[in-house]
2 protein chains.
Amino acid sequence: MDVNRRSVEAAGRVALDLLMTRRSIRAFTKEGIDEETKRALLAAAMSAPTAHGRKSRRFAVVDRPEARKRVLVELPWFAPALGSAFNVLVLGSPSDCAQEGYWLVDCAAATENLLLAATFLGLGAVWMGIAPIEENMAAARRAFDLPEGLVPFSLVALGKPGEAPAPREEAYDDSLLVRVDGGSVP
Amino acid sequence: MDVNRRSVEAAGRVALDLLMTRRSIRAFTKEGIDEETKRALLAAAMSAPTAHGRKSRRFAVVDRPEARKRVLVELPWFAPALGSAFNVLVLGSPSDCAQEGYWLVDCAAATENLLLAATFLGLGAVWMGIAPIEENMAAARRAFDLPEGLVPFSLVALGKPGEAPAPREEAYDDSLLVRVDGGSVP
């Protein structure tokens with residue numbers, strides 16, 4: 001094994017270790033996030049896969065105080081939306097999907113990428129779920145003036161962490177494994 | 001900034017760079033994957049967030065030839081299931097969700113983590129979508145003898161890459177950004 005391959009492997013191990021450290025962060029410092037970092041976060045979200053490679057989701061930055069306050073009126077349990085440096089609203093575009101409903105799945109993959117990119121950049125983030133809960137979706141439609149044809153999926157609060165939750169317990173959980181058709185259980 | 005903080009930041013940048021390199025891999029070598037690596041991949045999937053921290057999804061390894069062949073009978077476009085080192089079937093557990101439908105979202109986040117962990121470990125992976133497409137779900141129910149109460153979400157083929165697709169174009173795509181309520185566009 002050459003030196004280059006060794007260093008690629010080592011980098012990958014570090015990346016996987018960092019992935020495993022992700023925790024939900026709901027409290028933030030007052031520090032802002034620069035535009036370059038915002039673009040890197042959005043690019044990571046956009047790089048998540050979509051079914052049939054369709055442009056099935058969109059992204060909007062929510063940062064104006066008026067917009068944030070309206071979120072809390074309609075979705076009072078979305079408190080991190082107010083204290084964060086900014087929020088990303090992930091939106092589905094059902095008409096761009098090859099098959100009905102894939103926007104939901106594609107938006108979730110993009111949201112997870114956004115959380116991981118934040119972790120890698122030393123930022124905190126929390127996923128506030130909207131879809132597919134009808135009540136939350138109706139509240140988000142009241143809170144935001146959404147472009148036609150787009151469906152609210154999630155709101156992600158982002159910022160410099162203002163809390164340091166304890167590391168997660170061991171992620172590997174035997175109780176989440178099932179055996180199907182005689183397959184192995186590692 | 002001290003040396004330790006610099007090295008943490010550098011590691012995070014490398015991890016983000018690796019995240020951006022993920023591509024769908026549909027061809028694999030005949031090389032197997034060791035059990036420790038399988039566990040690391042499953043642990044990464046299990047570390048994805050779930051709504052209200054519920055155990056809303058399960059994981060099964062699909063590796064027996066008979067099971068793989070049955071997949072191709074019912075879902076002929078799932079060809080990578082046969083040539084891969086092994087497959088992970090991601091299953092939703094609707095009865096474990098706090099609110100109806102969140103299993104779909106939670107399964108998608110776990111599937112994305114699985115793809116990223118594979119990328120970090122130098123492996124290839126492709127997400128073969130099942131839910132929420134009713135036709136695919138019915139086919140997967142015929143292909144697999146599923147435990148009661150669990151719903152097929154995705155099948156992920158994993159192995160040593162047998163193809164090297166061109167790097168993706170720039171992920172950041174202005175056309176995926178929308179402005180909502182006067183929010184900024186980075």
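Predicted model: local features only at pLDDT ≥ 70, side-chain atom pairs only at ≥ 80, totals over all residues.

Modeller: Start with B:Cys107: its sulfur lies 8.0 Å from the closest cysteine sulfur, that of B:Cys97, and this is too far for a bond.

Next, the relation between the two chains. Chain B can be superposed on chain A by a rotation of 180° with 0.0 Å of shift along the axis, and the RMSD is 0.0 Å. The two copies are thus related as by a two-fold rotation axis. In chain B, the C-alpha of B:Ala15 is the one nearest the axis, at 2.2 Å. Of the interface residues of chain B, 100% are interface residues in chain A too, so the copies meet through the same surface.

As for the contact itself, chain A contributes 76 residues and chain B contributes 76 residues. Between them the chains bury about 6,400 Å², and 66% of this area is on carbon and sulfur atoms. On the side of chain B, the three residues B:Leu176, B:Asp181 and B:Pro186 supply 11% of the area buried against chain A, more than any other three residues. The count of salt bridges between the chains is 4. One salt bridge joins the side chains of B:Asp173 and A:Lys55, with an N to O distance of 3.1 Å.

One residue that reaches across to the other chain is B:Asn136, whose contacts beyond four places in sequence include A:Tyr102. Within chain B, B:Asn136 is in contact with B:Leu75, B:Trp77, B:Gly129 and B:Ile130. B:Asn136 lies in helix 6 of chain B and is buried, at 4% relative accessibility.

In chain B the bond joins B:Ala131 and B:Pro132, with omega about 5°. B:Pro132 sits in the loop that runs between strand 3 (124-129) and helix 6 (134-143) of chain B. In chain A, the peptide bond from A:Ala131 to A:Pro132 is cis as well, with omega near 5°. The place of A:Pro132 is the loop between strand 3 (124-129) and helix 6 (134-143) of chain A.

A:Asp181 is not a glycine, yet its phi is positive, about 55°. A:Asp181 is in the segment after strand 4 (151-159) of chain A, and at 18% relative accessibility it is buried. In chain B, B:His52 has a positive phi near 60°. B:His52 belongs to the loop between helix 2 (35-46) and strand 1 (57-62) of chain B. In contrast to the buried A:Asp181, B:His52 is exposed, with a relative accessible area of 57%.

Last, the strands of chain A. Strand 2 (residues 86-92) is mostly covered, with 7 of its 7 residues buried. On one side the buried residues are A:Phe86, A:Val88, A:Val90 and A:Gly92, and on the other they are A:Asn87, A:Leu89 and A:Leu91, so that both faces of strand 2 of chain A are covered. Strand 2 has strand 1 (residues 57-62) of chain A as an antiparallel partner over 6 bridges; in that pairing, A:Arg58 is bridged to A:Leu91. Strand 2 also runs antiparallel to strand 4 of chain A, joined to it by 7 bridges. There, A:Gly92 stands opposite A:Val151 of strand 4.

Definitions and conventions. Residues numbered from 1 in each chain as written. Chains lettered and ligands numbered in written order. Heavy atoms only, no water. Disulfide = S-S within 2.5 Å. Helix = DSSP H or I, 4+ residues; strand = E, 2+ residues; numbered from the N terminus. Buried < 20%, exposed > 50% of the residue type's maximum accessible area, 1.4 Å probe, protein only. Least-squares fit on C-alpha atoms with pLDDT ≥ 70 in both. Contact = heavy atoms within 4.5 Å. Pairing = 2+ DSSP bridges. Buried area = accessible area lost by both parts, 1.4 Å probe.
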